[in-house]
Amino acid sequence: MREAAGLGSPRKRSVSIFNLGAMVTGDLAHPLADADSLYIEDGVIRELGTGRVSAEVEIDARGLTLVPGLVDGHTHPTFGDFSPTQNSVGWTQAYLHGGTTTIVSAGELHLPGLPLDKPDPKLWRYLAVLARRCTADYRPGGLKIVAGTMCLMPGMVEADFDELAAEGSRVVKFIFYPYGERPEEAQAYVDWAKKRGLVVKIHSGGVSRSGLSRPAGAAVITTLRPDVVGHASGGPIPMPLEELDEVVERTDAFLEVAYAGNPRWTVHLVQKVRERNELHRLTVGTDTPSGTGTTPRGMLRTIALMASLGGVSAPEALCLASGNTARAHGLQTGFIRPGSPADLLLIGRIVGANGRDVLEALSVGDLPGISAILVDGQVLVAPRSQQMPPPERLAVVTTS
Ligand SMILES: [Zn+2]
């Protein structure tokens, strides 16, 4: 007896996906794979293009395009599925339905009552550890949450970085740090973090919603040498254009494009990086939930912006927002290749969209429809996303 599998279906060991129209790999060096099928076992991609159909879960893609689940490199989770910024609940599930299968925290700094004006290193370390432990094995909404990002404050010691690394945190972030007052200490933080494999991110540009973040432009960034320039084209306010150019030219840092940023700066940044043959430096995030709101389509909107106005192809834009962002944060997701977690989307052209197929639609700025979403090989969304218009055709999922 076979029945349609959907939300909440029990985990199955093997999954096949076949009749694919196209496959985007997540790898900028080879954005498209010449394969029309995929085989998954125990949540991990095992085979590409072998045509194997027989599996416990069989997904007839009916010509849809397979892409890696999107990796939102800049989010602000707080506790579970609650975001105090807009008093919203359920936002992570909404993001999943917008194609995001992993979110990376850029700091759990939206707690009501959090005393941002009294920098206390112990409090920020505690907060990062708490967030990390609350999300290590807990997936509200079904997506993966990479949280426990420590905001860097004056007065931290090397042991703080030891503790954070031991907890399994991935990222530390400069945002409220008084750069001009304590430059040697800031540099020590960068060194301590890098020595432990922690990714150093910086809030770049103007002041944030809190009013208390420290502006950071070319002078700070070229001195500190963070791994990732957070929302390089604004989140919300970007550094001046000539300073952004200087950061591109004088550093080799990853450059984050955020949905919450300035679209004109984003187009300039993407075009400039493209001209320099340095697309591998771009990462993508939403910088939400925030004053910008909760934006389930934020990643897809940014992909469409880059593909329509930034001079990159739609497959390249999708790779930037999946594998490349995962790589920048040292995450094991974002790619469609043997050995990678099966975090996947089946997308297709929406009825009435421009372009003959979904990749062409994206290249002129139209959003894709999403039929199915898998995380670790489990079908979490099918036959269609609740946040996107449906694609012309829906995948057919059968389970035995
Ligand atoms: Zn942010």
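Which residue is the bridge partner of V67 in β19? In this predicted model, the bridge partner of V67 in that strand is L345.

## The mixed sheet

Strand β7, residues 65-68, and strand β19, residues 344-348, are paired in the antiparallel sense, and four bridges join them. Both strands belong to an open sheet of five strands with mixed pairing, in the order β3-β7-β19-β20-β21.

At the edges of this sheet stand β3 (22-23) and β21 (378-381). Each of them has a single partner strand, so one side of each is left without a neighbour in the sheet.

## The parallel sheet

An open sheet of six strands is built with parallel pairing, and its order is β13-β14-β15-β16-β17-β18. The edge positions are taken by β13 (150-151) and β18 (282-285); because each has a single partner strand, one side of each lacks a neighbour in the sheet.

Within this sheet, β14 (residues 171-174) pairs with β15 (residues 199-203) in the parallel sense, over four bridges. Across this pairing, F174 is placed opposite I202 of β15. In general, the strands of a sheet pair through backbone hydrogen bonds, in either a parallel or an antiparallel manner.

## The zinc site

The zinc ion has three kinds of contact to describe by residue: H74 through NE2, H76 through NE2, and D287 through OD. These protein donors lie 2.1 to 2.2 Å from the ion.

Along the sequence, the donor residues follow the spacing H-x1-H-x210-D.

## Cysteines

How many disulfides does the structure hold? The number is zero. C134 takes part in no disulfide, and the nearest cysteine sulfur, which belongs to C151, is 16 Å away. Likewise, C151 is in no disulfide, with the sulfur of C134 as its nearest cysteine sulfur at 16 Å. A disulfide is a covalent bond between the sulfur atoms of two cysteines. For a pair to count as one here, the sulfur atoms must be within 2.5 Å.

C134 is partly exposed, at a relative accessible area of 36%. C151 has 1% relative accessibility and therefore counts as buried.

Terms used
Residues are numbered from 1 along each chain as its sequence is written. This is a predicted model: local features need pLDDT of at least 70, side-chain atom pairs count only at pLDDT 80 or more; totals for chains, interfaces and linings use all residues. Side-chain values use heavy atoms; hydrogens and water are left out. Donors are N, O and S atoms within 2.8 Å of the metal (3.2 Å for Na, K and Ca); water is not among the atoms, so sites may look incomplete. Buried means under 20% relative accessible area, exposed over 50%, partly exposed in between (1.4 Å probe, protein chains only). Two strands pair if DSSP finds at least two bridges between them. Helices (H or I, at least four residues) and strands (E, at least two) are DSSP runs, numbered from the N terminus.
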